[in-house]
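Hi there,

I am passing the structure on to you here, and below it you will find my notes on what turned up.

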Amino acid sequence: MPKKKISCQINGHSIQVEEGSTIIQAFKKLNQRICHYCWHPGLSVSGVCRLCMVEIEGQGKLQIACNTQVQEGMKVSNQSEKVKTAVRWGLEYHLINHPLDCPICDQAGECELQDQYMEFGSYDSSMSERKVKKRKVLDLGSKIVLDTERCILCTRCVRFTDEVTKTHELGIFNRGDRSEIGCFEDKPLNNNYAINTVDICPVGALTSKHFRFKQRVWYLKTAQSICTGCSTACNTYVDYNEEGIWRVRPRFNKEVNGHWMCDKGRFLFQDMDRKKRLHMALEANDKFWNFLETKVAFEKIKTLLENKTAHFVLTGQYTNEEYEILLKHFSNSVFYIWSQEGQFPKFDKLLLREDRNPNTKTLKKLFPKIKPLTKLEKNKNEIPLLFVLGPENLIFYPDLEEKTKLFSQVKSLVWLGLVKNKFLVCKENFFQIPMKSSFEKTGTFTNYKGLEQKIDKIQSFNSQAVSVEDIIKLLKTDNFKLKEDRAYFKQNQFLNSNQKIW
Amino acid sequence: MEHKLLTEHYHRKSYSTLEGYKERGGYQTLRHALLKKPQEIVEEVKLSGLRGRGGAGFPTGVKWSFLPNNKEDRYLLCNADEGEPGTFKDRMIMEKAPHQLIEAMLISAYAIQAKKSYIYIRGEYQKAYLLLLKALEEARIEGLIGKNILDSSFSHEMDIYLGAGAYICGEETGMISSLEGKKGQPKLKPPFPAVQGYLGKPTIVNNVETLVAVIPIVKQGAKAYRQIGTERSPGTKIFSLSGDVLNPGNYELPLGYSLMDLIYDLGGGMRAGHSLKAVIPGGSSVPILTAKEAERTRLDYESLNELGTFLGSGGVIVLDDSRDMMDILSIILDFYHHESCGQCTPCREGTGWLSKLLKKVCKGMSSQRDWILIQKIAENMQGRTICALSDAAAMPAISFMKKFRNEFEQCLYENTNSSVKGVKESKHA
Ligand SMILES: Cc1cc2nc3c(=O)[nH]c(=O)nc-3n(C[C@H](O)[C@H](O)[C@H](O)COP(=O)(O)O)c2cc1C
Ligand code: SF4
Ligand code: SF4
Ligand code: SF4
Ligand code: FES
């Protein structure tokens, strides 16, 4: 049953909201500015920062917008001097013991304390007493570092581990201005959703080891994408620059992932590291793999293919468009599916699904008669040319070595992959072709429940890499030229990306 | 003159035992109450005009009627945390007459139809705790707690829970959190405890003295109760008199009693050669009164409100002319700084800031600007937080600054004897 709508006025603007909505939700709906730290749309209300102060007509005392429900006809404002003073002071209280580490703080540039202080603050602090000193650089586990001095005790992170992951690693220890966030003994913050706490931490108190001190955020551009780590297909933001991708963050989508994403998915981009990637095609002779241009490799593959029926091994990691074009041009070919069914734990009831492919749905729909790899085992001697459209995310293919051995038994083979497959035997008529990652191509994935989601090319990181569409063009046309995109490979200015933090 | 409505028999040693209590008519009111309809008792308490004695002064009967009118499980919690500096009346009640509290709780629990109640007692009150434990045992054996109390259809269980010494666990929702096994932190309201309290169930929290006052109301009726005290502040209240008086102690007085009579007649006045400087009338949280203001006030909710202060918990702290007000304020603010639970930013940071500033004042290191600053910090801590601890720290800060500006100025860097580089001797380190 749809909820009853009620009307109210926010800063003079009329709006209808669902019954039971809070004032802060109405502010957000109207895009009216309101200062707040502790409230987060994906968590329960804690009402501790006391910054979302509003004045309600007919009520003398200021109220917090995050814990006050809208009533029919309510007139709310946060424009009066009274509210502004309250907010200014609220920010002052937040800052008096804050270390103001901004020059060495990773959050600088995306810090809500900075932003909101610029917008609502008083600029001229009255604090001249000595600040409370707290502990810095606390290791919370394999992924996260805590600076308790910077923490504003909004409890978002605690609520996240209590309410979303229900893993309860975090708590507030001590009280008053000695309060500190911390992990319970023997309970490091290592769960698969832990880095979400870094995202929701409004300040630089929680920082993630993989991003800490790598880049200043104002040097990064942000694009939208989809995670390819499992069939949930969480919506993401990708922060990148010409040196590469630095960070992936969840992008809100009510239908798919809400506010969160898992850490497994978040780390996938690290395989994009230029040092790991295959940046040219490889052709084997009986001793070595030789580099060659992708285009040249395909000229050779084309001759191998002449008048023969190619067989294809497919994984669920390609786009709808790629499967479609493949089917269109190779309708008479034989297709096998390389799946990982039964390999991974069942759905974790949050986001991460057993099927670690973004697009098994379309693969199975377009290739209803696709054969299992056991069939390939039987056919292996009769296969003239095998294309293996390998997975982008090798970490979800633990049987890579075993299956590569199987593939290696055919006469000629074209392996498509992001990185070099070191298990592939070196033998004549074997090729390895660099593939485009999901950050480098445009297309659509269909997630576990049939939702189609589009990805856009963010940037090309490798001008020799191809998508399935490119492959078809390379095989079927004569003069197709790979776009000479400017690839990233600019020298990293700061740190080496797998350097240790300490 | 004291009016010993609740404390009449407190001088008898045996009153703390079941036998001694029963000898003086104990548990008769319970028997009487169980014959009435629960709603009748609620109405009687409403009519009596009884207001909470824990500090906030909320009308008790009205609070009780906030409970949802259904069969849902509900709890009665007795607030025996008594942490407010200057207050020690609940301790006396529990030590002198534990059965009185138990009887009062049974009547109240019956009125609100709670099957279970807890006494949340302050961690330092070991003696009262042990006495109450024993009294509970006696009452259980006697069939006063348990199934079908006094052959009625009313069954009730009662337990006692020892706190761990945090002032904030005296705040009703802080107490609920603590009782639930969580960190003792107040909860965001709404929802209010009467709707969603202990374990998410409707809950009534009442102070020890409030509950005990229910006995005479049920026994003699609201009308008789209203004969005592003033029109708008009926009944008696136990005042804990402390500080610079010759006879400190607990005094049960009809509301509306003169503060001067309490200090001079009952309390014996100041030490020889000293005169009254100020009075904190309701526990350390309320605004202070100067001697001049104190002279004309009466001890009831309205009279004190007129002077911009509160009856609070009834902890009357008397200060004579030997006291340094900045020192006193510094001690008070240290207390709130130490006790803030730290959830709400204005309270967490404000209490610390104020306490630092007052230390600076006491050391003779502050400047004129701090006079305004202290008040501004305090003003902006008021009415902005989850519980009233923040206000409790702010109110003394503001009132001390306003009313004792001269003493603040004596502490200024420029006014202190600068031979010792401006460091004024502080009476508390
Ligand atoms: C910081 C703080 C401490 C409190 N401590 C006590 C206390 O020790 N004892 C008490 O009875 N009420 C205390 N109160 C008041 C309680 O929150 C609550 O109002 C009271 O227990 C209600 O009972 P009453 O209506 O019978 O007074 C405190 C309130 C605050 C804000
Ligand atoms: S660590 Fe960050 S998210 Fe957690 S309480 Fe502190 S400021 Fe809030
Ligand atoms: S749950 Fe799946 S789609 Fe979402 S971030 Fe994790 S791996 Fe990626
Ligand atoms: S006002 Fe102070 S004591 Fe009360 S809940 Fe907030 S921080 Fe805790
Ligand atoms: S956002 Fe409302 S109190 Fe923090």
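Let me start with a pair of residues that link the two chains: Lys360(B) makes a salt bridge with Glu129(A), and their closest N and O atoms are 2.7 Å apart. A salt bridge here is a side-chain nitrogen of Lys or Arg within 4 Å of a carboxyl oxygen of Asp or Glu. Between chain B and chain A the count is 2 salt bridges.

Before you read on, please note that this is a predicted model, in which local features need pLDDT of at least 70 and side-chain atom pairs count only at pLDDT 80 or more, while totals for chains, interfaces and linings use all residues. Residues are numbered from 1 along each chain as its sequence is written, chains are lettered from A and ligands numbered from 1 in the order in which they are written, and side-chain values use heavy atoms, with hydrogens and water left out.

Back to the two chains. How many residues does the contact take from each chain? It takes 33 from chain B and 36 from chain A, where contact means heavy atoms within 4.5 Å. Together the chains bury about 2,700 Å², with 52% of it on carbon and sulfur atoms. Buried area is the accessible area (1.4 Å probe) that two parts lose on being put together, summed over both.

Chain B itself is divided into domain 1 (13-225), domain 2 (236-320) and domain 3 (325-414); such bounds come from an automatic or database domain assignment. The centres of domain 1 and domain 3 of chain B, taken over C-alpha atoms, are separated by 35 Å. Their contact involves 14 residues from domain 1 of chain B and 8 residues from domain 3 of chain B. The area buried between these two domains is about 850 Å², and carbon and sulfur atoms give 67% of it. Tyr167(B), Ile168(B) and Pro186(B) supply 52% of what domain 1 of chain B buries against domain 3 of chain B, more than any other three residues. The salt bridge count between domain 1 and domain 3 of chain B is 0.

Pro190(B) lies in the loop between helix H8 (172-179) and strand E4 (203-207) of chain B. Helices (H or I, at least four residues) and strands (E, at least two) are DSSP runs, numbered from the N terminus.

In chain A, Arg50(A) is not a glycine, yet has a positive phi of about 60 degrees. Is Arg50(A) buried or exposed? Arg50(A) counts as buried because its relative accessibility is 10%, and buried means under 20% relative accessible area, exposed over 50%, partly exposed in between (1.4 Å probe, protein chains only). His168(A), also not a glycine, has a positive phi of about 50 degrees; at 37% relative accessibility, His168(A) is partly exposed.

Happy exploring!
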